[in-house]
Structure formats: C-alpha cells, structure tokens
Amino acid sequence: MLYLGPTLFGFLLGFILGSRIKNNPESEIHFPYSSYIVVVIAALYMAWQIGPFPYYADSPLASGFVVCIIGIFAGKIVFGRQPTKT
Amino acid sequence: MSTILKIFVFPAAMLIMCLGVLTILGGHITPGGGFQGGAMIAGAFIFCAVVYGIKESPFHFSHNFMAAMESAGALIYVGLGLAGLIFSGFFLYNLGVDLNQLVPTFITNIFDYPDPIHAGIIPYLNIVVGLKVMVGLSAVVIAFMQFNHDDEENSDADGDNH
C-alpha cells in the first residue's frame, strides 16, 4: 500500500504545477495526446530507475515521482490555462 | 529558439519538475529539501521560459499565482511554528515527533507526516519552503525577462523616432 504522505503531497504539488500549463493554439508546436503518453512512459522508467526512498517499502519505484506526473496531467486537464491569442 | 529545442523542453521540464517534487518530498530522508527541490522546479520553469519566451511559455506563472504561493508558503510555515508555540510553548516545536513529550498523542498524530520515518512537521516545512523558493526564483527570472522585453521595445521605438 502506498504511503499517504508522499502520495498526497506529490499529487498536490503536481496538480498545482499542472494547473499552470497553458497551450498556445497559434504556436507551431503542437503536443498531441500521444506525446503525453510518451512522457508518462519516460516518467515510469525514470521512477523505476530512481527507486523508492531509503526506508520506504511501499513500491519498487519512486511513488512520489509517479504521482507527481499524474498530478501534473490532472491539473492540466482540470485547470489548464485557457489558450491565449498572441 | 529552434523547433527541436521547443519539442524537447516541454516534456523535459515536466520530468524535471517531478524530480524537484521528489527532492522536496524526500528532504527529511535524503539530501535535498525545500530549497533544493524548489530550485529544481524553478529551473524547469526557467528552461521553458528561455526557450519559448516568457509570453509563449507553456508554464504560465501569473502574478496572482506567485503571490498566492509565496503567501501560502510563509503563512503555513509561521502557522506551524505558532502551533508549536500554542501546544508546547516552543516556536516551531516538532509536534509530530514530540521529543520532550509535551503534547497529547492526538496532537502528535495530527501533525505527524504519514510515512514510516515519522519526521513530524519537517516534511511540511520542506513543502512550503519549496513552494516559496519555486515562485521566488521564477519571479526573479520573469522580472528580468520583462525588463529585457521592455528595453527592446523602447530601443525599437527610439530607432523608429530617429
């Protein structure tokens, strides 16, 4: 079972950061949903390589890292900034 | 900046921010803490701001957001200190650990960070310091980039007048 502290506060901090993401529709760069899936895969691999903190035995990967990236995407979906016209 | 940089920077910034959050959350166990993690998150934001430009950066830290995070960080830090003062008589007393056994057990349970290390209020202090450092360092870079933008606009206007 995941420990409540790093799970909750990792998600909260990630949510705060994700809520500040603003996509510019007029930009030449466009990130489709498949790019976010690639980011999640990379994040899972990084979390696996980082491993849990010392004395943490809740999961084989860095749970704070994973819930943070989940929180970033959750914040972007829920409170993502409205695109601005430049 | 080039398209390749822009394509790389946004995903990389997200991962660096996650590393920063991990550093904050592990400040009581591993080398790290609030300042270090907040600086990493700010570095990721600055990465995006430099490559995309401050106006088109995918991460947008508004004035109100930065003011709110700074204020929340400071207030929660002082609030935890005052809680220690109220319940134990010592400012910033670690209510979650209660080394001197000054407070009831239910107070200790409320303020203890829920992980196997039982560091008390230390992780909470790390988190709020991380928020403050993140927006503080980002605000410095935003201010410099805005000054630079204003100087460029003024020099363009002066060039047109001549």
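A:Tyr55 is exposed, with 9 other C-beta atoms within 10 Å. Exposed means 12 or fewer such atoms, buried means 20 or more, and partly exposed lies in between, with C-beta atoms placed from the backbone. A:Tyr55 sits in the loop between H2 and H3 of chain A. Its phi is positive, about 75 degrees, although A:Tyr55 is not a glycine.

This is a predicted model: local features need pLDDT of at least 70, side-chain atom pairs count only at pLDDT 80 or more, and totals for chains, interfaces and linings use all residues. Residues are numbered from 1 along each chain as its sequence is written, while chains are lettered from A and ligands numbered from 1 in the order in which they are written.

**Backbone angles**

- Most residues other than glycine have a negative phi.
- B:Leu92 also has a positive phi, near 60 degrees, and is not a glycine.
- B:Leu92 belongs to the loop between H3 and helix H4 (105–111) of chain B.
- B:Leu92 is partly exposed, with 16 other C-beta atoms within 10 Å.

**Chain A**

- Chain A has three helices and zero strands. Helices (H or I, at least four residues) and strands (E, at least two) are DSSP runs, numbered from the N terminus.
- Along the sequence, the pattern of chain A is α-α-α.
- The C-alpha atoms of chain A fill a box of roughly 50 × 20 × 15 Å, taken along the principal axes.
- Chain A has 86 residues, and 37% of them count as buried.
- Take the contacts in chain A between residues at least 6 apart in sequence: 76% join residues at least 24 apart. Two residues are in contact if their C-beta atoms, placed from the backbone, lie within 7 Å.

**A:Gly18 in chain A**

- A:Gly18 is placed in helix H1 of chain A.
- A:Gly18 is buried, with 25 other C-beta atoms within 10 Å.
- A:Gly18 and A:Gly75 are 57 residues apart along the chain, yet their C-alpha atoms are separated by 4.2 Å.
- Not counting residues up to four places away in sequence, A:Gly18 touches A:Gly71, A:Ile72, A:Phe73, A:Ala74, A:Gly75 and A:Lys76.

**Where the chains meet**

- In chain B, 30 residues are in contact with 35 residues of chain A.
- Helix H1 (3–25) and helix H5 (122–161) of chain B are the elements that give two or more residues to the side of chain B that touches chain A.
- H1(B) gives the most to that side, with 13 residues.
- By class, that side of chain B has 22 nonpolar, four polar and four charged residues. Ala, Val, Leu, Ile, Met, Phe, Trp, Tyr, Cys and Pro count as nonpolar, Asp, Glu, Lys and Arg as charged, and the others, Gly among them, as polar.

**H3(A) against H1(B)**

- The axes of H3(A) and H1(B) are 9 Å apart, and the helices pack at an angle of about 130 degrees. Axes are lines fitted to C-alpha atoms, for helices over the stretch in contact, and angles run from 0 to 180 degrees between N-to-C directions.
- H3(A) and H1(B) are therefore oblique to each other. Angles under 35 degrees count as roughly parallel, over 145 as roughly antiparallel, 65 to 115 as roughly perpendicular and the rest as oblique.
- From H3(A), the residues include A:Phe65 and A:Cys68; from H1(B), they include B:Met17 and B:Cys18.
- This contact of H3(A) with H1(B) has ten nonpolar, one polar and no charged residues.

**H1(B) against H2(B)**

- The axes of H1(B) and helix H2 (residues 34–52) of chain B come within 7 Å and cross at roughly 170 degrees.
- H1(B) and H2(B) are therefore roughly antiparallel to each other.
- The residues of this contact divide into 16 nonpolar, seven polar and one charged.

**The nonpolar core**

- The largest nonpolar core has 62 residues, and B:Cys18 and B:Cys48 touch the most other members. Such a core is a set of buried Ala, Val, Leu, Ile, Met, Phe, Trp, Tyr and Cys residues joined through C-beta atoms within 7 Å.
- Elements of both chains supply at least two residues each, among them helix H1 (4–18) of chain A and H5 of chain B.
- B:Cys18 touches A:Ala43, A:Phe65, A:Cys68 and A:Ile69, not counting residues up to four places away in sequence.

**B:Met69 in chain B**

- B:Met69 lies in helix H3 of chain B.
- B:Met69 counts as buried, with 22 C-beta neighbours inside 10 Å.
- B:Met69 touches B:Leu131 and B:Val135, not counting residues up to four places away in sequence.
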